[in-house]
Amino acid sequence: MSKTVRIAPRWRRGLVLALAATTFFLDTAHAASKAYQPSSLLLIKPWISGTPADASRFLAQTTFGPTDADIQRLVKLGYLAWLDDQFAAPPTRMLDYLGWVKNTLGEDVDTNHVLEAWWLGALGGPDPGNNALIHRDQLRQRVAFALSEIFVVSTKTTLIDQFPNGQAYFYDVLVNDAFGNFRQLLEDVTLSPAMGVYLNMLSNQRTDSTKNIHPDENYAREVNQLFTVGLVLLNPDGTPQLSGGLPIPTYTQDTVKAFAHVFTGWNWADCNPAVHQNFSDCDVNWTTGANMQQPMAAFANYHDNGTRAPDDLSGKQLLNYPGAANAGLLVDGGTPQSDLKFALDNIFNHPNVGPFIGRQLIQRLVTSNPTPGYVQRIAAVFNDNGHGVRGDLKAVISAIVLDDEARNGAKKYPDSFGKLREPLLRMAHIWRAMGAQHRCGHNKVVTRSDKSVYTEHYAAQPYRYAGWYSAWSTDYLFNQRVMYANSVFNFFRPNFVPPGEMAQKNLYGPEFQITTDSQIAEVTNDVLPRAMWLDIRDTCDSTDDYGDVAIDHLRDLALAGSGQGGPADPADRLVDAYNVRFMGGQMSTYMRTTLLNYLNRIDHYWDNGGTQDWRIARIQRALYLILTSPEYAIQK
Amino acid sequence: MNFDRRKFLCKTAHAALGASVYSALGNLRLVHAAASANYSFSDYKALVCIFLYGGNDAFNMIVPTDGAHYAQYQTVRPAIALARNTLLPLNAPASGAGSPGDGGSYGFHPAMTDLQALFNQASSPVAIVANVGTLVQPVTKSQYQNGTVAVPPQLFSHNDQQAYWQSSPPSNAPITGWGGRICDLIASANASTLPMLNSLSGEDAFMRGETGNNYIMNAGDAATIDVPDSWDTNANNLKSVFDALRAAGTQGNALERTYAAQINHSLNTAAQINAAINATGMPNFDSFFPAISDSGLDRQLSTVAKLIWAANNGVAGYTGQKRQVFFVSTGGFDTHDRQLPIQPVLLGTLSRSMAGFHRALNSAGLASKATTFTASDFGRTLSCNDDGTDHGWGSHHLVIGGAVTGGRFYGDNPSHTGTAAMPSLALSAGNPNDAGYGQIIPSTSVDQYAATLAGWFGLSASDLALIFPNLTNFSVKNLGFA
């Protein structure tokens, strides 16, 4: 493969500068790199992808799970070209999918369709409305999912739960801005109606002492505490600054109050307060839901700009920090828009944002316990992409996944590196890696009890009618479903420390917070039918809420054996292939030996009553044992 | 091996010291505790925590019915005031101990008919604890506004105040809760190896202890891992390989080992719990919860009743259980908007569930063995945001059980004499309890509330001081409701 030096895109040039100061060096000997002489600045070789096992590890961090095809492609392209390709891939948007369901299929859109849209993005593949269009924006979707666990909106909330288009609009903000600038993301999130409803900025109004009403502090508090700066002042490496041995609060209750007064005067885009008694009487459009997918609009009469005594808060002191514009003091007399801009700029430019957001993105993609040095390198890229641009998420994401710690952390910190795979990522992984399809695979006319008929459009894709257990109620079994957290604090907190060994070692494990005794049983049990029973070739049963999406066992038949089975025809090719596909080549010798000792015994006498090829038994059992194992559970 | 109380004391003392400045982030690291050998009981007791996620607005749960106080209430909450003639009167003493403390009379929210009936009956099992909240030490309005006395960090923040309520004080690395710490110290009370603490609604700070010996289950049962052990009759069958891969110590990474330990914990405990729930002779406790659903509060409490019954009726594996702690919850209490239509559902459910649980236990002669109490993120502001309320601080709470001396109001007061003091309902400026923006400063600390419960449970005074390091800052250490 020839290498031509092109003008690097902005994110990449910044990245190279930012990483040049580190000891970044990929330990690989990919042939293409030898033909390429790096510049003196370029100590890294991120165009190299290394072995298939290395590629699999990279894809575990950047996609919804490696597939053999993606591994081969990455090995061929190298990391940089792969990232370029991902940055250019057309976004999979939920609203597009909902539009197809509504306009082409003529179905009533509901929240289940939002989940189907999420699975379409997560699994990728042909678009159901246009099979020539292949959804392949894996990195964008993975980052959007990570952002949905930081900028949390939950469809458990009344009103949001009734408007799938509002849910989709919000998620599309995350999808659209995943490779944009963090400042834009912050503003788009702030003005999205779903967030406005969820954290009560929508219809928030200036103080009215005649009604004993004052501005709601919900968004003001959480945008600081959870979305941007956090509770305590951070060093550039993410560790807390200390004074007298104790952390220093980032802000006070008075700061929250001041922001609450700033975030007033915003409402539904089509709100006409003049025809209502109260500002909060403006309502969602119950017929069309149209205003659920338009940014909130400003209404100056209801905005506290500090000039209406005695109710307004004059001279709002926002965050103050070295370099803060006007020391964080908002001058009275602004408009809702200018005050919002000042407030979001004020938050965005706080030095905490880089380490605070950088660490959480690392935790979502790579490892629960990044070293301070790793966080500091990412924060530096957040602060400056190399061209004086702050908040360039493309540069931040690239830096996170190309960092030496992301690539070599498992070798450097074997005891603590990695993260528990999230339940939704596990499910997406097996489906992607094993070629899952909906078993029905065609449209089906269903007759209702009243003799009327309707059509179920399976479209041969796993995400269509994926079923109650499979896709719609993963919260019930796994404590996780997209945009369905119990609160704005997400399914789990970034600083959760599991009891036992990890507590003794001061190791964080966010995902362990939802890994309860029952959940771990359900996660384990879920593998059993998927690995052992359900196959893509089974007869379609549209009433089956569980097994309607199934994997393709036969694709690995050649790996499972070539002769009569038994020790003379061992299963090592199968185990080694699954080691790469599912575990990034990181299976321990103990686990490999244990698996082979068992799988090698399976031979041609193992015929399950003469109904199936004995090699399928090897495939089924290898999958079950690997996907339930503690070694697989931790992405490293 | 004895629990090392000296180390525990040393560490928690640090926490208390840190608390005086910034307690949530004090560098607390409790010892990894060994089991205590000091407690042994012939009787059985259960503590049941009902956590109301979101911050319950108790100022619309318990509302003045006398003219003067009701007028204040109506003035301070014009948009969300409940009509006076819809309130459900509470027959508490008019003055002195057991009274609301302000000479007024109070009623429940109109949706709470079940609890009203129990509160007003003879030998009432329902007590109200007035104006409870997170405190480091007593604090007045001027002390709060001038910042001269330590207060819990991040007041009015959901997550932080949930953590403070459940751990008091919270700490980092790792946080432990007072439910977990109670179990750490009293662990020797149980002969059985079953976890003493069960959560039926997920993980939270309350149940985290040093030993981590809790069990987090579904609302109705414990999920079991279905390993196909009957398959593959080869000597080396599938289950044995599954077992080999989860075996302790075979993994090379701390996260992997933690995951393996969690699988093992789940497997080893689930079968025993499910056997107990389905034990022969189990009464039909579900029938006391007419609206029971798959996973709601009713389902959780019905399951708790079954486990309490199991421990008291010689069910295999449960015979040695003398002390149990349960955590159940329900959510949706963050009523920023449309509180008037939302709250009847929330409080009606709570009232029916608590009353149903009490009646269920009572039907099996177990009512006096369990004390059930509410907890929540915080109270809500006395002032309103148009048609809802914002995050507040102090709040009233409910305790129910046969061991409770009910029909009365409890709590502490500004003179620290240990009787209830309902907060003023005046507008902010003229309200001595108002922190400045409608948030009501608690007169009773979570520590006093929790220590009263833990005292009934059997913890010694010296152990209460270990579990609640800030209890020393309050002169009244037992509120006397149980």
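## Close-up views of a predicted two-chain model

**View 1. A salt bridge joins the two chains.** Here the side chains of K636(A) and E256(B) come together in a salt bridge, with 2.7 Å from N to O. Keep in mind that this is a predicted model. Between chain A and chain B, the count of salt bridges is three. Polar contacts turn up as well: the rule finds 26 residue pairs across the interface of these chains, both partners at pLDDT 80 or more.

View 2. Together the two chains bury about 6,600 Å², and 57% of that is on carbon and sulfur atoms. On the chain A side, H214(A), D517(A) and P630(A) lose the most area to chain B, together 11% of what that side buries.

View 3. C271(A) and C282(A) form a disulfide, and their sulfur atoms are 2.0 Å apart. A disulfide is a covalent bond between the sulfur atoms of two cysteines. Over all chains, the count by this rule comes to one disulfide. Both C271(A) and C282(A) lie in the loop between strand 5 (266-267) and strand 6 (297-298) of chain A, 11 residues apart. Is the disulfide right-handed or left-handed? The torsion about the S-S bond of C271(A) and C282(A) is about 65°, so it's right-handed. As for the cysteines themselves, C271(A) is buried at a relative accessible area of 9%, and C282(A) is buried too, at 6%.

View 4. Is H396(B) buried or exposed? H396(B) has a relative accessible area of 2%, so it counts as buried. Its side chain reaches the backbone nitrogen of N131(B) at 3.0 Å. Leaving out residues up to four places away in sequence, H396(B) touches a set of residues including F59(B), M61(B), V129(B), N131(B) and P423(B).

View 5. C49(B) is buried, with a relative accessible area of 2%. C384(B) is buried as well, and its value is 1%.

Technical notes: Residues numbered from 1 in each chain as written. Chains lettered and ligands numbered in written order. Predicted model: local features only at pLDDT ≥ 70, side-chain atom pairs only at ≥ 80, totals over all residues. Heavy atoms only, no water. Buried area = accessible area lost by both parts, 1.4 Å probe. Salt bridge = Lys/Arg side-chain N within 4 Å of Asp/Glu carboxyl O. Polar contact = N/O pair within 3.5 Å; in protein donor to acceptor, adjacent residues only side chain to side chain. Buried < 20%, exposed > 50% of the residue type's maximum accessible area, 1.4 Å probe, protein only. Contact = heavy atoms within 4.5 Å. Disulfide = S-S within 2.5 Å. Helix = DSSP H or I, 4+ residues; strand = E, 2+ residues; numbered from the N terminus.
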